Amino acid sequence: MQALPPPPPAIEAPLTLPAPDRSEATTGELRVAAALTDARVRVDSSFRGASIVLFGAVFNPTPEPADVVVVVRGPDAPVRLVKKTRNMGVWLNSRPVLFEGAPGFYMTASTRPLSEIAEFGQLRRLGVGVDHLRIDAPEESRTVTRYGVRDVVVSRLGDDYLDWRRAVIRLKEAAALYDTDPKGVEFVDRGLFRAEVKLPTVAPTGKYYAEVWLFQDGEPQSVSNLTLTVEKVGLERDIYEFAHRRPWLYGLVCVLLAALTGYGASRVFSRRN
Amino acid sequence: MDIYLPIAEVSVNWPTLVILGAVVGFVSGLFGIGGGFLMAPILVFLGIPPTVAVASQASHVVASSTSGVIRYAGQGAVDFRMGLVMAGGGAVGALAGVELFRYLRLLGQADLVVALSYLVFLGVIGGLMLNESLTEILRRRRGLPAPRKERRRPLWLYGLPLKMKFPKSGLYISALPPFGLGVFAGVLSAIMGVGGGFILVPAMLYVLRMRAGAVVGTSLFQIIITTAITTILQAGRNQTVDIVLSTILLLGGVVGAQIGARFAGRFRAEELRAALGLIVLLVGIQMGLELFVRPSDIFLIAPGVAD
């Protein structure tokens, strides 16, 4: 009678989960928690893209339904584009146009189409959705000279800004680097959901940031932030680093290897005669 | 069966690459050329970034040319002195070509220049070869005697300074024309990823009028040096050489080259030239065609400033 029951293990369990960013000790509040099955993607010789499962839970004490939106973005990099124009029957490239920074990877997965979840302005403010994705462009167009080449930096107030912007998104979507999946967040049980992050082979290496948003009545109620690292490992990493750190020696090794293979083959074949 | 290429950053089916290497190697052994002009377009077609394709397959050219030179040297058919003079020019051309290619790539005009060079050079050379060899085949069929060959070299070859003796080639001419040819081949090697054999061989035959037996061996020797320099420069300056890609291509390539060389003896020279001319012409037209076809998307990602 005097012995108290041991504390239920369920209380300890949340401690092992990644701590939600903005909602501590809010068990009574509406919030979302999420984790990745694998926070580290290794790129080796058998790499053919990766699929990582993001799973999470929604704590919703209110009677109103809530929507989950998963946003994953890869490392930013400048994007240069050329536009082909026809000149006397021949298709020529224009001068390159530069966006100062666009995510190397961007995907959203949600419970229903983003436009039904929140208002245009809200999505724009949060940068959620391919149409609202922040692609860095200054207010004034200018030219920069790098390595002796003059690039035109796109102005976000220019007439053709939208065309260029749409082109970046279309080309990245074609390479499976940008993706929108309006049914990508699946509820597997009450309050328990999963979404898949599909990385193509061409996905850039570096640090990826995942945001899991919880929307209710078009307002963001809670967010959980996660990180994911994509890195080259093993021989691939060694070769890549060798090629970039000691490029001249690397080139020499390539040539010697080629010459030796040629020499070896002619020796092997001449002996057979 | 897929393998991830660390520099190209794509994954490819490696047996396809081995077979591709073998086929190109076979062609190269059969005709005594590097075969680069065939390899680069196919690699691009397989989804490898053009800059990596051009730079990586250069080492395939090195390997197949090395085994070719060893074979020709055994027959005493390599004029090393001539080859070295040309290779000196090749080094200069490669240096200039790699810088030019880097600049064009950043300008977003590399595709245009590559396509135009393929169209012009391959189209012209292929057309000439096909025409010349078909005429000869037709003449042989009709049983006509061979016309007297124009044996005189252009006079300007003799007017230039820096004369050198090239006993193996049977020449006593200025070192400048071979050097200039080398420069030209070096630039092509950097821009098109080719050894330049398809241009050097006719130029050595018809302009310099070298002894025919020494032409192929010497051009291969020059190609080894020029392409080796190009590979090192591309690796050092642009970091676009993928050692995994080039090794896979090599494996098929060296075997194919040996088999091709063995087959070469079974055909008449002009039949081989007609076939090669046809291949060269087709590749040139195919590469040039993209300039005239409406692209599926008028926007295109240009290579970044960071890489």
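In the predicted model, 6 bridges link strand E1 of chain A to strand E3 (residues 50-59) of chain A, and the two strands run antiparallel. A:Ala35 lies opposite A:Phe55 of E3(A). These strands belong to an open sheet of 4 strands, ordered E1-E3-E13-E12 in chain A. Pairing in this sheet is antiparallel. Strand E1 (31-36) and strand E12 (186-189) of chain A form the edges, each pairing on one side only. On average, neighbouring strands are turned by 30 degrees against each other, direction ignored.

Chain A also holds an open sheet of 6 strands, in the order E2-E15-E14-E4-E8-E11. Here the pairing is mixed. A:Arg73 has A:Tyr106 in E8(A) as its bridge partner.

An unreviewed UniProt entry lists residues 248-269 of chain A as "transmembrane region". In the model, residues 248-269 of chain A are 100% helix and 0% strand. The C-alpha atoms at the ends of this span are 32 Å apart.

For chain B, the UniProt record (unreviewed entry) gives the feature "transmembrane region" at residues 12-33, 39-63, 84-104, 116-134, 181-208, 215-237, 243-263 and 275-293. Two of these spans were examined in the model. Residues 215-237 of chain B are 100% helix and 0% strand, with end C-alpha atoms 32 Å apart. Residues 181-208 of chain B are 79% helix and 0% strand, and their end C-alpha atoms lie 10 Å apart.

Helix packing in chain B was then considered. Helix H7 (residues 176-192) and helix H8 (residues 197-206) of chain B cross at roughly 165 degrees, and their axes come within 10 Å. An angle over 145 degrees counts as roughly antiparallel, so H7(B) and H8(B) are roughly antiparallel to each other. Their crossing is right-handed. In this contact, B:Leu181, B:Ala185 and B:Leu188 of H7(B) meet B:Ile199, B:Leu200 and B:Ala203 of H8(B). The contact of H7(B) with H8(B) comprises 6 nonpolar residues, no polar residues and no charged residues.

Helix H5 (residues 110-142) and helix H11 (residues 269-289) of chain B pack with their axes 7 Å apart, at an angle of about 155 degrees. H5(B) and H11(B) are therefore also roughly antiparallel to each other. H5(B) passes H11(B) in a left-handed crossing. The residues of this contact comprise 17 nonpolar, 7 polar and 4 charged.

The two chains touch through 50 residues of chain B and 51 residues of chain A. On the chain B side, the elements that give two or more residues include strands E1 (2-5), E2 (10-13) and E5 (299-302). Helices H3 (50-74), H4 (80-107), H5, H9 (212-238) and H10 (243-264) of chain B are also among them. By class, this side of chain B has 31 nonpolar, 14 polar and 5 charged residues.

How values were computed
Residues are numbered from 1 along each chain as its sequence is written. Chains are lettered from A and ligands numbered from 1 in the order in which they are written. This is a predicted model: local features need pLDDT of at least 70, side-chain atom pairs count only at pLDDT 80 or more; totals for chains, interfaces and linings use all residues. Axes are lines fitted to C-alpha atoms, for helices over the stretch in contact, and angles run from 0 to 180 degrees between N-to-C directions. Angles under 35 degrees count as roughly parallel, over 145 as roughly antiparallel, 65 to 115 as roughly perpendicular and the rest as oblique. A crossing is left-handed if the near helix is turned anticlockwise from the far one by less than a right angle, and right-handed if clockwise. Ala, Val, Leu, Ile, Met, Phe, Trp, Tyr, Cys and Pro count as nonpolar, Asp, Glu, Lys and Arg as charged, and the others, Gly among them, as polar. Two residues are in contact if their C-beta atoms, placed from the backbone, lie within 7 Å. Two strands pair if DSSP finds at least two bridges between them. UniProt positions are given in the numbering used here, feature names are shortened, and annotations may be inferred rather than shown by experiment.
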